[in-house]
Amino acid sequence: MLKLLAACGNGMGSSLIIKMKIEKVLKDMGLECDVHHASVGQAKSDARNFDLVLVSEVFVKEFTNCGDAKIVGLLNLLSEDEIRTKVEAALA
């Protein structure tokens, strides 16, 4: 089972909305996953506990020392098409 983290610089409410979008996309893709959400600050310290971290492209460079976690930058955090495309690429 994939472990994903949705992170947003705007706070926990925004990341919860992004989390719901990611869950919908991954369900449509037939992937079994466990999706969490956090602020960017919290996500930077927790990233190593996840397979994928989805965050705005603006914050990607702030994620260092993330172990094996892949950091996926999104231009539009609410775009299901972009989430699908970038998750597929990260898992390939």
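I call a residue buried when its relative accessible area is under 20%, exposed when it is over 50%, and partly exposed in between, with a 1.4 Å probe and protein chains only. By that cut-off, buried residues make up 39% of the 92 residues in the chain.

**What I am working with.** This is a predicted model, in which local features need pLDDT of at least 70 and side-chain atom pairs count only at pLDDT 80 or more, while totals for chains, interfaces and linings use all residues. Residues are numbered from 1 along each chain as its sequence is written, and side-chain values use heavy atoms, with hydrogens and water left out.

**Whole chain.** I looked up the elements and found 3 helices and 4 strands; helices (H or I, at least four residues) and strands (E, at least two) are DSSP runs, numbered from the N terminus. Their order from the N terminus is β-α-β-α-β-β-α. The radius of gyration is 11 Å, close to the 12 Å that the globule rule gives for 92 residues, so the chain is as compact as a globular protein of that length. That radius is taken over C-alpha atoms, and the rule is 2.2 Å times the number of residues to the power 0.38. Along the principal axes, the C-alpha atoms fill a box of roughly 30 × 25 × 20 Å.

I then looked up contacts, meaning heavy atoms within 4.5 Å. Of those between residues at least 6 apart in sequence, 50% join residues at least 24 apart.

**Asp81.** I went to helix H3 (residues 80-91), where Asp81 is found. Is Asp81 buried or exposed? Asp81 has a relative accessible area of 56%, so it counts as exposed. The side chain of Asp81 has a polar contact of 3.4 Å with that of Arg84. A polar contact is a pair of N or O atoms within 3.5 Å; within protein, one must be able to donate a hydrogen and the other to accept it, and residues adjacent in sequence count only if both atoms are side-chain atoms. I also checked Glu62: from Asp81 it is 19 residues away in sequence and 25 Å away in space, C-alpha to C-alpha.

**Glu82.** Glu82 is in helix H3 too. Why does Glu82 count as buried? Glu82 does so because its relative accessibility is 13%. Leaving out residues up to four places away in sequence, I list Gly73, Leu74, Leu75 and Asn76 as what Glu82 touches. For Asn76 I noted that its backbone nitrogen lies 2.8 Å from a polar atom of the Glu82 side chain.
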